[in-house]
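Visitor: Please walk me through this one. I would like to learn how to read its features as we go.

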Amino acid sequence: MAGRLLYILTLGLWCLSAAGQSSLNLQVVSPNGDPIHDARVEIPKRGLVAYSDARGRVSFTWNDSYGSSARVIVLPDFYPFLDTTVPVSDELIVLPLSESTGNLGEVVVTARRDTFNRSRLQAIEGTAIYAGKKSEVIRPSESALNLANNNAREIFSKVTGMNVWEGDESGIQLNIGGRGLNPNRASNFNVRQNGYDISPDALGYPESYYTPPAEAVERIEVVKGAASLQYGTQFGGLINFKMKGAPQIEGWEVLNRTTGGSFGLFNQFTSLGWRKGKVGTYVYGNFRRGNGWRPNSDYNSFNGFAQIEYNFSEHSKLIGEYTHLSYLAKQPGGLDDNMFEADPRQSNRERNWFGLNWNIFALRFSQKIGNDELNARLYGLYASRNALGFRNYRPTTEDPGNVERELITGEFQNMGLEVRYLNRFNTTYGPWATLYGVRAYAARNNSQQGLGSTGSDADFTFIDSEENLQSDYVYPNDNLSFFAEQLMTFGTRWTVTPGIRVEYINSRSDGYYREVQRDLAGNIIFNETFPGGLSRERSFVLAGVGVEYQLTESAQIYFNATQNFRAITYSDIHIVNPSFRIDENIEDERGYSIDLGIRQTSGDRWTYDVSAFLLNYDNRIGEVAQFDTSTFRIVSYRTNIGQALIYGLESYTSYTYLYRPEQRISSNIFLNASFVNSVYLKSALPQVEGNQVEFAPHINIKTGIEGTWKTWRGRLQLTYLSDQFTDAANDIDGGAPAVTGLIPAFMVMDFGLSYSAGRWQFETGVNNLMNEAYFTRRATGYPGPGIIPSPGRSWYVGVQVRL
């Protein structure tokens, strides 16, 4: 029935009469006529912003009612900015830049772009519609950040409401949440790279074990809960890492970055780009190692990426990509509250290891057909993860060093195909666009848990004995979805975007777990295998709508309301953990999210985005402390807690209070503040109803000052989060296992500085400048269990050269 209604609606929209719409096509070129890539192009009167592509081109949809001319501002790197007025024409309009005088032009542009290193997505980008949605775009290379360590606290500091778990000093795993969503490996977001999934299973196991190095990222696109219709059903929304690519003009370019710092940090990043005729390539290699802030925290990783692009014509291209990550790290284990107070740097785990092997393949094809565009993405993943160590439920219990370690292995395979078609057309009301999309996805994953060796090295093999393997499961998961959104403009101010997503999910599990009991002498007195399986097949429809009103030339009011869904993951189904239990009857999560806000992202001095949000979360999955009668221990019990309501205010404001291009000086201050209230409205569990939702601090503030002087760039940032709970029962004391309890309020300061001289750039910085002792996470399993302390003060120094 829903499909028939969608067909009738779409047919009706296609039949509307065409009227008054055209395209404004621009090309930014150097004084020599070479195309300029990644120049910011603004039409301030209409609040339109875009970045030039590899051919220096930008296209805007233009309504005849806008007028016959347009004021255009171009903000490129390495050239003075351009402010001009052009006639509106169907022909390509070339915008030549002027030569810079010394370094003045470059610094003037940098000063202007510092204000805009945080922006938003356009109403339409490629084959995606973002009108009426809360979106944020971050360009990491435009600020003095610790890119070598992928410091998420700094990189995501201008994304509103983000809650970051810290403790992975390698920067490989992204642990971010928001609006009361669990930050664990960003599992409540649909995390993508260049538009395709990079997690083990986008629905069954959406955990981000791999994060692209920030040095290779062109920009990070974040869309809050309203992304559920186009990018999967998650409550958090979308995080997409758009990678750098081949150079925009023929020839080659090399970038080399070397960084060293505290606790043995060494990071080497080298990239090579080349273009000739219709072919372009881009490759990079990133090696990183360190000793970590705590003992037993050594890590090393290698990340490689290769891309080849072939342009069949001006309107058609095919891109092939391969990503590899190998990662090995020691894990120092968790602490209880008393241990943390005594010495947060201590560790009594010397044999715990974690390893990854990640491989992602992708083909991306795009074709422009007049004003329409077709995009297809075929991608697959073959990967593994291994966790090994002594994991007693009491952090105070020291590893005796002569017993078998627990080993959990995972083998992940998935493949997906996503096809999108965007149709643009004119109506009597204004320019409209319809987006159609279909996605087919299949994952075949396997997880085993048992006993590993008694050694101290990273030996990820099971002991060959009858009682060894504690569990062995396979998790097939199939998904088919169809989605459509309709962008409708009414005059020059109103935009309405209704949408729908039809989802089919078939989740299964098949395997067994073993229960082994021993006497005091270590002899086996009970050894029995219990088969287990699950089959859940469901189909459902999600709907949503976005509305946007152009308040002024550069400010908009936006509203969206979207349904959300989160399938149970296979980590919700079964795992053997001495400090963790799972409800056998756990169910999927459902709900909806609403945003209402006002934003201005193209002002000369002020930029802001202030919005109220509400998230209604039914069947929310979470943990409560519970007494296990079989082991006589307090464990963390994972189940459907109940209905949670999370609401609040998210705001980002930036003000450029100093801008003197003639003196090559600029400075701005930003404030990213989130104020959240949350409550469990209903729950079948005792002492939960009326409690605060976990991972939802009332106050979440990131604020800072940024400045440039000549070729110097500096940044000082302050982060503050108020108290937050880690379980639905709102426990304060973590007890013996310390897997639940309060995360106390903390305040952290970061500093960064860089200097450019021609092709060279030098940078330095200090993270946790005041050496604050704090933590952001209580882990139920690896890398704990218990409190995972955040790193203390550390410094870094780096040098970059571009050839």
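**Reading the model**

Guide: Start with a side-chain contact: a polar atom of the S297 side chain lies 2.9 Å from the backbone oxygen of R294. A polar contact is a pair of N or O atoms within 3.5 Å; within protein, one must be able to donate a hydrogen and the other to accept it, and residues adjacent in sequence count only if both atoms are side-chain atoms. This is a predicted model, in which local features need pLDDT of at least 70 and side-chain atom pairs count only at pLDDT 80 or more, while totals for chains, interfaces and linings use all residues. Residues are numbered from 1 along each chain as its sequence is written, and side-chain values use heavy atoms, with hydrogens and water left out.

Visitor: Where is S297 found?

Guide: S297 sits in the loop between β20 (279–290) and β21 (299–313). Strands (E, at least two residues) and helices (H or I, at least four) are DSSP runs, numbered from the N terminus.

Visitor: Does S297 count as buried or exposed?

Guide: Buried means under 20% relative accessible area, exposed over 50%, partly exposed in between (1.4 Å probe, protein chains only). S297 counts as buried because its relative accessibility is 8%. Contact means heavy atoms within 4.5 Å. Leaving aside neighbours within four places in sequence, S297 is in contact with G290, N291, G292, K330 and P332.

Visitor: Which backbone oxygens does the side chain of R778 reach?

Guide: R778 lies in strand β42 (residues 775–779). Its side chain reaches the backbone oxygen of A738 at 3.3 Å. A polar atom of that side chain also lies 3.4 Å from the backbone oxygen of T740. R778 has 6% relative accessibility, so it counts as buried. Beyond four places in sequence, its contacts include D337, T726, I732 and L742.

Visitor: How do I read the side chains along a strand?

Guide: In a regular strand the side chains alternate between the two faces of the sheet. Take strand β2 (residues 40–43): R40 and E42 point one way, V41 and I43 the other, and all are buried.

Visitor: Which strands pair with β2?

Guide: Two strands pair if DSSP finds at least two bridges between them. β2 pairs with strand β3 (residues 48–51) in the antiparallel sense, over four bridges. There, R40 has Y51 as its bridge partner. β2 also pairs with β5, again antiparallel, over three bridges. In β5, V74 is the bridge partner of V41.

Visitor: What about S69?

Guide: S69 is in strand β5 (residues 69–75). S69 counts as partly exposed because its relative accessibility is 40%. Residues up to four places away aside, S69 touches W62, T85, V86, P87 and V88.

Visitor: In what order do the six strands of the open sheet run?

Guide: The order is β8-β11-β16-β17-β14-β15, with mixed pairing. β8 (118–119) and β15 (196–197) are the edge strands, each pairing on one side only. Strands β14 (residues 189–193) and β17 (residues 237–243) run parallel, joined by five bridges. N190 stands opposite L238 in β17.

Visitor: And how are cavities found?

Guide: Rolling a probe the size of a water molecule over the atoms shows where empty space is left. A search of the whole structure finds 14 cavities of 30 Å³ or more. On a 1 Å grid over the protein atoms alone, a cavity is a set of points where a 1.4 Å probe fits but cannot get out; lining residues have an atom within 4 Å of a point. The second largest cavity has a volume of about 540 Å³. Among its 37 lining residues, N149, N150, N151, D168 and E169 are the closest to its centre.

How values were computed. 1 Å grid on protein atoms, 1.4 Å probe; cavity = no way out; pocket = protein on both sides within 12 Å on 5 of 7 lines; lining within 4 Å. Points joined across faces, edges and corners; volume = space filled by probe spheres on them.
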